[in-house]
Amino acid sequence: MTVKSCSVCVFQKGDRVYTTATESGSYAEYTIAAEDCVHKLPDVLDFAQGAAIGIPYFTAFRALVHKARVKAGQTILIHGATGGVGIATCQLARAMGLKVLGTAGTPDGMKLITKNGAHLAFNHREKGYTDKIMAATGGKGVDVIMEMLANVNLNKDVEMVAKRGRIVIIGSRGTIDINGWDIMAKEAIIVGVFIFYATLVQNSDNYV
């Protein structure tokens with residue numbers, strides 16, 4: 001979108017921007033937004049791309065930084081990486097210096113995630129794909145797992161996560177039975193992320 005008017009702000013009429021929230025809704029020709037929810041849109045992005053930035057990239061950043069507290073050199077698995085948040089997580093994790101592993105359900109999906117930052121891609125529909133992921137970590141397990149479908153994959157994640165690793169649940173479509181002992185044995189942390197709970201001032205969770 002372009003700025004139409006702004007009485008007291010850093011933007012000028014005609015600036016190309018995107019918003020992370022509006023006061024009046026965004027399915028309209030004109031909308032009202034608070035200044036702290038308006039951001040300049042880089043010239044390399046078109047308006048359609050700008051409309052897709054907010055939720056996926058802010059969720060990915062919150063999951064990586066606020067929840068998982070990732071560090072360069074760690075290994076991360078994005079389990080189901082072909083969606084909007086998954087692609088954003090691949091890109092940001094690669095930029096942060098992590099070794100990025102991703103899963104997809106088709107060969108095209110695997111190409112997509114490697115194109116967007118994953119060092120290695122695995123087909124989560126193939127039998128034994130978790131063994132291949134473990135082999136890629138030298139048997140140590142994955143330091144951080146971003147989970148897009150917890151009701152299907154969480155037990156697999158607990159098997160693959162490294163000792164004292166973190167599993168961040170970004171998506172789930174149902175319930176799951178899980179053995180608490182498996183989590184205890186690794187001192188693993190399982191935490192959820194919900195972007196709408198984010199605040200303007202956000203500190204990383206203080207896990208011990």
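**Close-up views of a predicted model**

**View 1. Strand 3 pairs with strand 4.** Strand 3 (residues 75–79) and strand 4 (residues 99–104) run parallel and are joined over four bridges; two strands pair if DSSP finds at least two bridges between them. Thr75 has Lys99 of strand 4 as its bridge partner. Helices (H or I, at least four residues) and strands (E, at least two) are DSSP runs, numbered from the N terminus. This is a predicted model, in which local features need pLDDT of at least 70 and side-chain atom pairs count only at pLDDT 80 or more, while totals for chains, interfaces and linings use all residues. Residues are numbered from 1 along each chain as its sequence is written, and side-chain values use heavy atoms, with hydrogens and water left out.

**View 2. Thr137 sits in a loop.** The loop lies between helix 5 (129–136) and strand 6 (142–147). Thr137 counts as buried because its relative accessibility is 14%; buried means under 20% relative accessible area, exposed over 50%, partly exposed in between (1.4 Å probe, protein chains only). A polar atom of the Thr137 side chain lies 2.8 Å from the backbone oxygen of Met134. Leaving out residues up to four places away in sequence, Thr137 touches Thr75, Leu101 and Val142, where contact means heavy atoms within 4.5 Å.

Technical notes
A polar contact is a pair of N or O atoms within 3.5 Å; within protein, one must be able to donate a hydrogen and the other to accept it, and residues adjacent in sequence count only if both atoms are side-chain atoms.
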